[in-house]
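Me: I am new to this structure and would like to know what lies behind the words used for it. Please set each value against its definition.

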Amino acid sequence: MRSVYLDNGATSYPKAPGVGEAMACFITEVGCNIGRGGYQRAYDAAGRVLEVREALNALVNGPSPRNVVFTAGATASLNLLLKGLLRPGDRVLTSPMEHNAVLRPLEQLKRRGVVVVDYLPCTGRGELVLEGLAERITPDLRAVVLCHGSNLSGTLFPIEKVGPLCREKGVFFLVDAAQTLGAFPVDMAAMAIDGLAFPGHKGLLGPQGIGGLVVTDALAAELEPLLAGGTGSMSESLDMPPYLPDRFEAGTLNLPGVFGLGAALDYLTEQGAALRDREHRLAGHLWARLMELEEDGIRVLGALDPAWRTGVVSIDCRKMDNAQLSYLLEQDYGIQTRCGLHCAPVAHQTLGTFPQGAVRFSVGPFNTFEEIDYVQGAVYDLLTSL
C-alpha cells in the first residue's frame, strides 16, 4: 500500500536534505560542548552555532543574532516568554484559537492569581475580529499573545496589523509561529513583534527537540529566566549573566539539533521562495478538493479565502465518527492524518467541533498534487460507501 504523509502540522516529514547527515556528523566528528572547551573543535562548533543564530535572525529580520535563544521548541519558548514576563496583577489578551502551549501556561498563571486573561473575539471560522481591537489594547495591558496561524483551522491571523497597535500603546506583542515560520514570511521589525516563539521541526524542516525564540532588547530586559545554571560564562557569579543569549540558555544546548536545524536553514535559503510557493499551491489544492466534498457529508473548517490559510485543512465528518474516518484513511489507503482535539480545545469550541474533534490534513513542501487528488478520492469513496 502507498504511504501519504499529511501530518506536517505536527512535524514535517521528510526533513530537509542534509539534516540527518549534519546531526550524525556532530555526534561522530565533533561531539564536544561549546563555551566549556578551550580547544579548536569546541571553537569551531561555537562558530557553527553562531552561524545558525545568524541565519535565524536574518530569516525573521530580528534585532541581532545574540537575540536568538535556543530552546527545546515552541512550547519551551512560550513558557519562557509568558512565565518570565508576567507579574501579579498583569492582564493578557489572547485568542480562543490558541494551542495549549499558550493556553496552559496562561491557565497556570491565572489559577495562581498572577494574571487576568481576556480573549479577543473570533468568527466561527477562526478568523480574528479586528473591529474594536484598538480599544482592547490599552496601556494597562501587559501583553498580547497570538498564534500566526491556527493549528486547527489553518486560518492565518493578521499579526502585521496587531503588532503596530501594541507597539504604539506600549504593550508587548508575543507571537507563536509554530505553524508558519519557514512556510510564511515573518518580519519582526515590520510586524512589531517583541517575542517570537518557533519550533525547528515544522516549517523549518529541521529535527524535533530544537527550537527557540527571538526577543527584542526591550522584552529581554523584562524577562526572568525560567532555568538557572551553567552557561560557560561569568562562572564567578551566582547570578545568571545579564546579556543575551546566555541569560536564557542555562545548561548544555541540544547541539546535534542545532547542527540539524542549521542544515535545514541552509536548504531553505538555497531554495528561496520557490519552496514556500509550492507548499502554498499544494495547500490551496488540498483545500479546494476537500471543499468539493462538503455536499457529500463533511464540513471544511477555517477561512474561505485561500490567501488567509496555512497548509492545514481540517474537516468534520457528518456521516461517521471522525476517528473512524481517520482510521480508515490510514488502514485502507495509507493516508496519515491527525484526528482529535489537536491540543486546542477552545479552538474546537469556537469552530463548533467540540467534543467530537476533527480530522486534520496538513501538507508540506514534499507532498505532490497527485497525492492530494488521491486523498480526495479516498475521502469521497469512504463518504459514499455508507
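This is a predicted model: local features need pLDDT of at least 70, side-chain atom pairs count only at pLDDT 80 or more; totals for chains, interfaces and linings use all residues.

Me: How many helices and strands does the protein chain have?

Reply: The protein chain has 13 helices and 13 strands. They are DSSP runs numbered from the N terminus: helices are H or I with at least four residues, strands are E with at least two.

Me: How do you know that the span of helix 3 agrees with its number of residues?

Reply: The expected span is 1.5 Å times one less than the number of residues. For the 12 residues of helix 3 (residues 74-85) this gives 16 Å, and the end C-alpha atoms are 16 Å apart, so the two agree. Helix 10 (residues 273-291) passes too, because its 19 residues should span 27 Å and its end C-alpha atoms are 27 Å apart.

Me: What covers the buried residues of helix 10?

Reply: The buried residues of helix 10 are L275, E279, L282, A283, L286, W287, R289 and L290. Their cover includes helix 9 (255-271), strand 9 (298-300), strand 10 (312-317), strand 13 (358-362) and helix 13 (369-384). Contact here means heavy atoms within 4.5 Å.

Me: Why is H342 called buried, and what is C343 called?

Reply: H342 has 1% relative accessibility, so it counts as buried. C343 has 34%, so it counts as partly exposed. H342 is in the loop between strand 12 (338-340) and helix 12 (345-351), and C343 is also placed between strand 12 and helix 12. Phi is positive in H342, near 55°, and about 55° in C343, which is not a glycine.

Me: Why is G334 called buried, and which residues does it touch?

Reply: The relative accessible area of G334 is 4%, so G334 is buried. G334 touches M1, R2, S3, V4 and L329, leaving aside residues up to four places away in sequence. G334 and V4 are 330 residues apart in sequence, yet their C-alpha atoms are 6.0 Å apart in space. G334 sits in the loop between helix 11 (322-333) and strand 11 (335-336).

Me: How do you know that the radius of gyration agrees with a compact globule?

Reply: The rule is 2.2 Å times the number of residues to the power 0.38, with the radius taken over C-alpha atoms. A compact globule of 386 residues would come near 21 Å; the protein chain has 21 Å, so it agrees. Of these 386 residues, 56% count as buried.

How values were computed: Residues are numbered from 1 along each chain as its sequence is written. Side-chain values use heavy atoms; hydrogens and water are left out. Buried means under 20% relative accessible area, exposed over 50%, partly exposed in between (1.4 Å probe, protein chains only).
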